[in-house]
Amino acid sequence: PTEVAQFNSTGIVGDPSQLTGLPASGLGIGQTWQLVTGSRAASTTYTNTTGKPIAISIRAETTSTTPSDALFVVGGVNAWNRYCGSIASARFSIMAIVPTGATYSLTIPTGTVFDQWAELR
């Protein structure tokens with residue numbers, strides 16, 4: 001009889017080449033982290049056209065002492081919010097998942113800059 005591969009608490013049992021029904025795509029499958037800082041801007045709307053969900057990681061710093069919010073919006077929904085209060089030089093990070101076909105944008109207060117924007121795509 002043909003041996004069928006199965007998952008159990010210790011891993012794969014049987015012949016791994018017999019595994020079927022596993023996802024061929026999805027977050028992290030066939031994707032790599034890409035540094036896209038130079039091609040991204042705040043207050044600009046982008047669309048995930050990759051055909052897969054993507055992950056976004058942004059590192060930013062505020063130098064303003066004027067209270068305001070930093071927002072990361074995915075598909076019209078506020079997916080991340082950071083209150084930038086009266087503390088100058090406050091660093092923060094943003095992490096979000098963007099579904100296939102969804103729009104995404106970063107809104108940051110005056111005096112706030114992002115110095116790294118990476119995407120798992």
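**Figure 1. An open four-stranded sheet in the predicted model.** The strands run in the order E3-E10-E5-E8 with antiparallel pairing; strands are DSSP runs (E, at least two residues), numbered from the N terminus, and two of them pair if DSSP finds at least two bridges between them. Strands E3 (33–35) and E8 (90–98) stand at the edges with a single partner strand each, so one side of each lacks a neighbour in the sheet. On average, neighbouring strands of this sheet are turned by 20° against each other, direction ignored (axes are lines fitted to C-alpha atoms). The model is predicted: local features need pLDDT of at least 70, side-chain atom pairs count only at pLDDT 80 or more, and totals for chains, interfaces and linings use all residues. Residues are numbered from 1 along each chain as its sequence is written, and side-chain values use heavy atoms, with hydrogens and water left out.

**Figure 2. The pairing of E3 with E10.** Three antiparallel bridges link E3 to strand E10 (residues 112–120). Trp33 stands opposite Leu120 in E10.

Figure 3. Arg40 lies in the loop between E3 and strand E4 (46–47). Arg40 is buried, at 16% relative accessible area (buried: under 20%, 1.4 Å probe, protein chains only). Its side chain makes a polar contact of 3.5 Å with that of Tyr104 (N or O atoms within 3.5 Å, one able to donate a hydrogen and the other to accept it; residues adjacent in sequence count only if both atoms are side-chain atoms). Beyond four places in sequence, the residues in contact with Arg40 include Phe114, Trp117 and Glu119 (contact: heavy atoms within 4.5 Å).

Technical notes. Axes are lines fitted to C-alpha atoms, for helices over the stretch in contact, and angles run from 0 to 180 degrees between N-to-C directions. Buried means under 20% relative accessible area, exposed over 50%, partly exposed in between (1.4 Å probe, protein chains only).
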